[in-house]
Amino acid sequence: MSRHPDIDLKLRALLEMAGRRGAESQAAFAELYRYTSPKLFGVALRILRRSDWAEEVLQECYVNIWNHSANYQAGLSAPMTWLTSIARHRAMAAADSLRADLLSTFPRQITGTLAETLLVPLIHFILLSYLPFGRMRRSRDPNASAACGQ
C-alpha cells in the first residue's frame with residue numbers, strides 16, 4: 001500500500017484518462033507528465049549520470065507510457081511504481097547500449113595477413129576484459145567515471 005493514497009488515486013485517474021485517447025486524454029497526459037517527470041528524470045539521471053542521456057530516456061518513457069497507459073493494471077502496482085519501473089528499465093537498457101557503443105569503437109588496424117585480421121580483434125577483446133568497467137561505472141568516485149570515458 002502506498003504512503004500517499006490520494007496521489008495514487010490522482011495518478012490512477014490520469015492514467016485511465018490517458019488510455020482512452022482523445023482531447024481529454026491529451027490533457028490528462030500533459031498533467032501526468034507535469035506531475036511525474038521530475039521523479040522519472042531523477043531515476044534516469046541517477047542511472048545514466050548525464051542529463052542529455054536522461055532527457056532522451058525520459059522522452060522514450062513517456063512515448064511508452066502513452067502507448068501502454070490503457071494496459072495499466074491498478075491491482076498489480078501503484079501508478080508511480082509502474083511509471084518508475086518503466087523509467088528504470090529504459091535507463092538501464094540505455095546504459096548498457098551506451099556502454100557497448102563506447103567499447104565498440106576500436107581504431108581500424110591495417111593488417112597484412114589473415115592471421116593478423118583474426119588476432120587483432122581477439123587481442124582487443126582480451127585486453128578490454130581485464131578492465132574493471134563495471135566497478136568504474138558503479139563507483140561514486142569522479143575519477144573512476146573519467147577513467148571510464150564518461
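T84 sits in helix 4, where helices are DSSP runs (H or I, at least four residues) numbered from the N terminus. At 17% relative accessibility, T84 counts as buried, the cut-off being under 20% relative accessible area, with exposed over 50% and partly exposed in between (1.4 Å probe, protein chains only). Leaving aside residues up to four places away in sequence, T84 touches K39, L40 and V43; contact here means heavy atoms within 4.5 Å.

A word on the ground rules: this is a predicted model, with pLDDT of at least 70 needed for local features and 80 or more for side-chain atom pairs, while totals for chains, interfaces and linings use all residues. Residues are numbered from 1 along each chain as its sequence is written, and side-chain values use heavy atoms, with hydrogens and water left out.

Now the core. A nonpolar core is a set of buried Ala, Val, Leu, Ile, Met, Phe, Trp, Tyr and Cys residues joined through side-chain atoms within 4.5 Å. The largest one has 25 residues, and L32, L40, L48, V57, I65 and L83 have the most contacts inside it. Helix 1 (5-18), helix 2 (23-48), helix 3 and helix 4 (79-103) each supply at least two residues of this core, and helix 4 gives the most, with 8 residues.

Helix 3 runs over residues 51-68, and its 18 residues should span 26 Å at 1.5 Å a residue; the end C-alpha atoms are 25 Å apart, which agrees. The expected span is 1.5 Å times one less than the number of residues. Buried residues of helix 3 are W53, A54, V57, L58, C61, Y62, N64 and I65.

On to charges. A salt bridge is a side-chain nitrogen of Lys or Arg within 4 Å of a carboxyl oxygen of Asp or Glu, and the count comes to 2.

| Salt bridge | N to O distance |
|---|---|
| R50 and D52 | 2.7 Å |
| R90 and E60 | 4.0 Å |

R90 lies in helix 4 and E60 in helix 3, so this pair ties together parts that are 30 residues apart in sequence. R90 is partly exposed at 30%, as is E60 at 37%.

Finally, the surface: L119, L122, I123, F125, I126, L127 and Y130 form a nonpolar patch with about 760 Å² of accessible area together. Patch residues have over 30% relative accessible area and no salt bridge, with nonpolar side chains (Val, Leu, Ile, Met, Phe, Trp, Tyr) joined within 5 Å; areas come from the Shrake-Rupley method with a 1.4 Å probe. L127 is found in helix 5 (residues 114-129) and is exposed, at 55% relative accessible area.

How values were computed. Patch = residues over 30% accessible without salt bridge, like charges linked within 9 Å, V, L, I, M, F, W, Y side chains within 5 Å.
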